[in-house]
Structure formats: structure tokens, C-alpha cells
Amino acid sequence: MNPIHKITGSRLYTQLATTRKARIISVSAVLLAVAAFGAVAVSPMAPDASDLPVTSIAQNLEMPDLASQISAMEQVDQNFTHEEKVRAGDTLATLLTRLGVDDPVAANFIKTDKIARGVMLLKSGKRVQAQTSENGDLNWMRATLVDGTDKSVKNILITRKGDKFVATEVAAQLERRVEMHARKITSTLFAATDSSLDGTRLPDSISAQIVEMFSTNIDFRSDLKRGDSFNVVYETFWQDGEFVRAGRILAGEFTNRGTTYQSVWFEDPASKQGGGYYSFDGKSLKKAFLKSPLEFSRISSGFSMRVHPISGNWKAHKGIDFAAATGTPIRASGDGVVDSVGSQNGYGNVVVLKHWANYTTAYAHMSRFASGLKKGQKVSQGDVIGYVGTTGWSTGAHLHYEFRVGGVAQDPSKLNVQAQAPLTAAELSRFRMVSADMMHRFTLLRPNDTALASR
């Protein structure tokens, strides 16, 4: 063997890396070197930007005639739309000023027109929209008016017609929403309903309904205790994103001194009978009939034998007389349908209501009937159906009230009247769907039941 080759091979071997890691690094270095050489060889092939052709394009643009545009805009009447909320202490003049209205004719029209005057009856917080010309002349005005019962909602629209104005009103198309809130009692019920920790203050009408709903079990003047709580689900009505009024409580739950009372509203859509409040097992919570069709009165003659004040004969008095001033509102003592309304000899102006089963009630000697009352009309317990008077065979202002079973007058104080027509099997099935939904809502409102609510 050539000794030179032996020496050369030995030296070369000693110079190469003896580990796998070192060999990989060596190979990588060789590849990078080759790549760099290739890049240097290729780069001169790309074109130089200075060698690219350049094309210049020139185009004349017509400038807009701003003077003519401004002149045209000046020829068009500018209208402005404003929206304001009614403030406490507002007068018509201050409201119109904030709306940008400077129009004495419009102001006088609003003051004198029967419909337009509704704008002056708006409550604080209600919105009013108006469109005016650049001189402050009124083009139109729109507002929503809610009556004192919070039930009738009307849109009032005042529109300019030439040099005059026209006012129209139409029933509002409202959006119904369902809200639910939980509260704890720290002092009084109304302090709790006025609280807005969750961003909502409960409407006054809802507070009143809570008292009415649970007053048979809770004395809200003396029974409330710090730490008591309640959950309530109720309906609200909105128009164009503005709260208009609160509706009925759909379900309520009140815990007082460790005892919980619950109630749910059910109005069967199939039978179309009047709705009522029920316990969650489907039992009616409504009293059978009001003890008195008049809120403030005294019994002047009971269900008994007596000397008739006109004929002087000894005769059975088949009703109860409630003494009251002429014009006192008369309430329906129970849910029912108007069976007859009109004048009947000795009864004078009389209304007869037909209730469930074979119960009927009669209200006689009225001075007048409630507006729009007619045969076949549905009424609910507590609805005003007429006013006390002295028509027919009567010697003074009073209400003659009769309670009839199968057409025969009976003494209501001696009858065990069923609280309300019981739910049929089909109604009970539909009721359970409603009650299950409300129970789920209550579960969502209880902070300790979040696991149940998520199921």
C-alpha cells in the first residue's frame, strides 16, 4: 500500500466529524453554500425596474358647478324632524319650543281640537315627534296616548292640510313582551318594586296586582319581614322601542316568613272562557262571587220576608238591597256573559248576567248602564256594568241584587258556591303546559336553582 495514501487517508479521516450530529451540520453547510451560489447565478436574470416602459395618461375632468347646486338647494324647503320627552311641569308652549315649533296656528289648534288636546295629557317621559319647516311651521306631530286605566292606547297624529290642521287617532299596534324579575324585601313591598338593581323598576300597576294577588294570604302592612322575597312574570307592551304600558301578571311567587305562595294566570285559548289565577296543581284561586257588587255600601234590606215599601203587602224579598248614592259604580260579582240588559217593570233598568253551570245574577234599579254594554258581551269579575239609581219600583237610590240558581232566587250567604268552573281534562292538559313554562321561569329567577334551570 502506498504510504502517502495511508497518511492522506488518515489525515482526512481525522478531519471529518466523528459524530452523527457533526456530520449533519457539515452536510447542511455544504447545501447552504450551493444554494447561495445558485441565487447569485439566477439574480441577474430579473428585469431592472428602470428598463420597464412607462406610459403617461392625461384626462380632463369637468369640475362640478357648485354654484348651481347651492342655488337649487336654496329653492327647496328644508324640513327638520325633532323628538322630545315630556318633562314634569311641561306646558304646551315649553314642549313646542323644545320641538322647534314656532306656529301660533298649530298651538291654538292643539288647545281647541278634541283629539289634538290629547297631546296636553301626556305623562312625563312619553315621547313626542314633530316635523317643522325651517321657519318653525308645524308639518306634523305624532304622540301616543294611554288612558287612565293603562289599557286603551291610541296614536294621535296632527297633520297640516294647506293652511289648516287635521287630527286623527288610531289604536296603536303594540309589541307584547314578557318580563320576569326577582326582588328581596328590605323594608316595604313598594321599596322593593322601586328598586332597580337589575336595571328595571317594576311598574306601579304590577305592584298593585302583587298586593291583590297575595292579599288573601299576606297582610302587606304587618306580615312582611326583612328577607322575604318574590318572583314575578308579567307582560309589557311597547311601540317603536318605547315602553307604553304594563299588562297582567302571568305568574307570581311570594315567600313570606318561610312559606311560599304561588299563582299562575290561565286563559284557555280553546274554550275562550274568562281567565283566572290558579295554583300550580290547577285549582282556582278565585273567590266564587264578590260579597258585594258595590265597593262602599251597606245592606238596607236582606233576603227575607218584609212589608213591601210601595204595595204595603207582606212579601218575600228575594234579593239583597245595598244602599248607595246615585251614580255609584256597580260591579259584576263574577265572570259571565250579559244575558239581558234593559228595562223590566218593577226592576227598572236591570242587567242579568249568566255565569257557569246554572248560576245567574241580576242588578236592578240602575240609573244607567255601563257604556257599550250589550247582550252576549263577556264580563269579568269586578267589571263595572252600571250605576246605582232609583228606577222602577224604588223609593230611594239603591241596588237590588239577586243571586239565582236555575232561575230561582237564593240567599247567597247560605250557599256553598263552587269557586269557579273546574278545568276539564283537555283544559287541564293545556294548563299544565302553561304552568310548566312559568315554573321554569321561577327556577331561572332562583339563584340556588341554576343547575335545575339549565336542564
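Author: Two strands pair if DSSP finds at least two bridges between them. Helices (H or I, at least four residues) and strands (E, at least two) are DSSP runs, numbered from the N terminus. The model is predicted: local features need pLDDT of at least 70, side-chain atom pairs count only at pLDDT 80 or more, and totals for chains, interfaces and linings use all residues. Residues are numbered from 1 along each chain as its sequence is written, and side-chain values use heavy atoms, leaving out hydrogens and water.

Reader: Thanks! Which residue in β9 stands opposite F254?

Author: Start with the two strands: β8 (residues 242–256) and β9 (residues 259–266) run antiparallel and are joined by six bridges. Across from F254, on the β9 side, you will find Y261.

Reader: Which are the edge strands, pairing on one side only?

Author: These strands belong to an open sheet of five, in the order β6-β7-β8-β9-β10, with antiparallel pairing. Pairing on one side only marks the edge strands, β6 (175–184) and β10 (276–278).

Reader: What twist does the sheet average from one strand to the next?

Author: Axes are lines fitted to C-alpha atoms, for helices over the stretch in contact, and angles run from 0 to 180 degrees between N-to-C directions. The sheet order is β6-β7-β8-β9-β10. From each strand to the next, the twist averages 30 degrees.

Reader: Within what arc do the buried residues of α7 fall?

Author: Buried means under 20% relative accessible area, exposed over 50%, and partly exposed in between (1.4 Å probe, protein chains only). In α7 the buried residues are I206, S207, Q209, I210, M213 and F214. They line one face of the helix because, seen down its axis, they fall within an arc (taken from the directions from the helix axis to the C-beta atoms) of 160 degrees.

Reader: Which residues are exposed on the other side of α7?

Author: The buried residues of α7 have a cover that includes α6 (189–194), β7, β8, β9 and β10. On the other side of the helix, the exposed residues are D204 and E212.

Reader: Is D240 buried or exposed?

Author: D240 lies in the loop between β7 and β8. Its phi is near 55 degrees, a positive value in a residue other than glycine. With a relative accessibility of 70%, D240 is exposed.

Reader: And is H365 buried or exposed?

Author: H365 has a positive phi too, near 70 degrees, and is not a glycine. This residue is found in strand β18 (residues 359–369). Its relative accessibility is 6%, so H365 is buried.

Reader: How far apart in space are Q131 and F80?

Author: Q131 sits in strand β2 (residues 127–133) and is buried, at 18% relative accessible area. Among the residues it touches, beyond four places away in sequence, are N79, F80, T81 and W140. Q131 and F80 are 51 residues apart in sequence, yet from C-alpha to C-alpha they are 5.5 Å apart.

Reader: Which residue in β21 is the bridge partner of A323?

Author: Strand β14 (residues 320–323) points I320 and F322 one way, D321 and A323 the other, and all are buried. Four bridges join it to β21 (residues 398–405), and the two run antiparallel. The partner of A323 there is H398.

Reader: How many aromatic pairs does the whole structure hold?

Author: Rings of Phe, Tyr and Trp (its six-membered ring) pair if their centres lie within 6.5 Å; planes under 30 degrees apart are stacked, over 60 edge-to-face, and the rest tilted. Ring pairs link F214, F220, F230 and F254 into a cluster. A search of the whole structure gives a total of aromatic pairs of 13.

Reader: What is the centre-to-centre distance between W238 and F243?

Author: W238 is buried, at 16% relative accessible area, while F243 is partly exposed, at 31%. Their pair is edge-to-face, with 75 degrees between the planes, and the distance from centre to centre is 5.5 Å.

Notes:
Contact means heavy atoms within 4.5 Å.
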